[in-house]
Structure formats: structure tokens, C-alpha cells
Amino acid sequence: MKLELRGITKRFGSLTANDGIDLVVEPGEIHALLGENGAGKSTLMNVLFGLYQPDEGEILLDDVPVHFKGPGDAMAAGIGMVHQHFMLIPVFTVAENVMLGHEPTKGGVLDLATARRRVREISAQFGFDIDPDAVVGDLPVGVQQRVEIVKALSRDARVLILDEPTAVLTPQETDELMVTMRQLAEAGTSIVFITHKLREVKAVADKITVIRLGRVVGDADPAASSQELASLMVGREVELTVQK
Ligand code: ADP
Ligand code: MG
Ligand code: MG
């Protein structure tokens, strides 16, 4: 699904966290949103997911303007979100978490049997080894991350937002996530990949949008050097001694 954000502005009191942000993500594209901590990446995605109402701007899916009153609307329209901090309930099983989704008030859309079946189907599709009846809090962090992805896909997400998904992963789990992202994109899912890690962006992104202090400051090619990307991110020339 094609995603377009036009002129998104979001203010928190006197702070303008997003200042007229434009972003286009084509179907099946992995689009990295690169920016330093506080640049406004999560705010933008929270607007897209219906958690915040924008002060200005609009969201279009396949060129049709949409209005999300909450995450339930966004999910129904095909937006899936893997939050920076997992939204899983540790004492529940994988299937129970999938059944409940993100919003307790909108839970029960899937019944438990369907949730278990969807966990098995999606796990098989991506080569995940996830037991639908495992208690989430007992699972390693890397597997919990995959449960979040399964949860989003179980609701037929066609745009998947991954907000700093590798923050808690080991290098091997990170590499595996890159493979999963590629598989998803090949299946037509559009991915917004939020990170500040240049190595990951260069490894997996088709396109890069760099934001700084709430504004888009440039587009970059994944072939750009880490030096160039880092300079765009921070807004001045930087010399990298270590490629990160
Ligand atoms: P990033 O995800 O790029 O690290 P955020 O979108 O989380 O950045 O934050 C952008 C700016 O907006 C930061 O200055 C942050 O402190 C502020 N901010 C984010 N969420 C809120 C909120 N709910 N209320 C007030 N300020 C917020
Ligand atoms: Mg942050
Ligand atoms: Mg963030």
C-alpha cells in the first residue's frame, strides 16, 4: 500500500515536534526514517497510527485521504505498528496478545482459535519458531520482537511501522530482522523503519528520509556514505572514525 504524509505538523504546547513533514512510501518499499533522538520520528508515527491528532497536514493511503480517530481506525485501514517499547502483556500467551491487539477496548476482534492459527501461519511464512501458547514474559527479547510483528501482521497490516526495532536485539537477531523486513517488502508490505543506526539503514533501506528538529532535512540514497548520513542527521560536517 502507498503511504503519503503531507505537511504533518504536531505541537506539544510551545514545542513543534513535527513541522510540516512530507513523506511518501511506495508499496513494498523499506523507507528508513533517520534522525537523532528527539528529532520527531516517534511523534510522526504516532500521528500515522492515530495515537495523536495532527495540528495540520493529512495522511493518504493509496492516494485516498484518511482520518484516524485512534489506533483502531489505523489498524482497520492496514497500518501496523511495532512500538519502540513493546506493547505486549507479559503474563498472557502469544495468541492471547495477538487476540487483544493494542487496544483493550477493541480486543476480541479475533477469537483465540483464529489468533492461534494466525500465529502459526505467519510464523511459518517467516520462519519464526513461535509457539502460540508460550507465555510472552518467558520468551527472549528477540522472540518478543517477532511476536510484535506477528501481532501487527495478524491484522493484515500493509504498512508496517518499526520504531527502533533493533534497540534491544543482539547483532544476530538484528540481522534476522533485516531478512524478515526484506521478505515482508517482497510480499508488498510497505515498511517505515525508524532508527538512528547508519549501518542498519545502509544494509536494508530502499530510501532514506532524514529528519532533524521536526523537519525533513533531506533524502539520501542508501549508497551514501555514513559520513554523509551522519552530517545530514546532525546538521554539520562530521568525521566518523568508526563506521556505525
Ligand atoms: P524521536 O522519536 O525522534 O526520538 P520524539 O518524536 O519522541 O522523537 O520526540 C520529539 C520531541 O517531542 C522531543 O522533544 C520530545 O521530548 C517531544 N515529545 C514527544 N512526545 C511528547 C508528548 N507526548 N508531550 C510532550 N512532548 C513530547
Ligand atoms: Mg527517542
Ligand atoms: Mg522515538
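Leu3 has Leu61 of strand E4 as its bridge partner. This contact belongs to the pairing of strand E1 (residues 3-12) with strand E4 (residues 56-61), which is antiparallel and runs over five bridges; strands are DSSP runs (E) of at least two residues, helices are runs (H or I) of at least four residues, and both are numbered from the N terminus. Two strands are taken to pair if DSSP finds at least two bridges between them. The model is predicted: local features need pLDDT of at least 70 and side-chain atom pairs count only at pLDDT 80 or more, while totals for chains, interfaces and linings use all residues. Residues are numbered from 1 along each chain as its sequence is written, and chains are lettered from A and ligands numbered from 1 in the order in which they are written.

Strands E1 and E4 lie within an open sheet of four strands, ordered E2-E1-E4-E5 with antiparallel pairing. Its edges are formed by strand E2 (15-25) and strand E5 (64-66), each of which pairs on one side only.

In total, the protein chain contains eight helices and ten strands. Its radius of gyration, taken over C-alpha atoms, is 18 Å, which agrees with the value near 18 Å for a compact globule because the chain has 244 residues (the globule rule is 2.2 Å times the number of residues to the power 0.38). Along the principal axes, the C-alpha atoms fill a box of roughly 55 × 40 × 30 Å.
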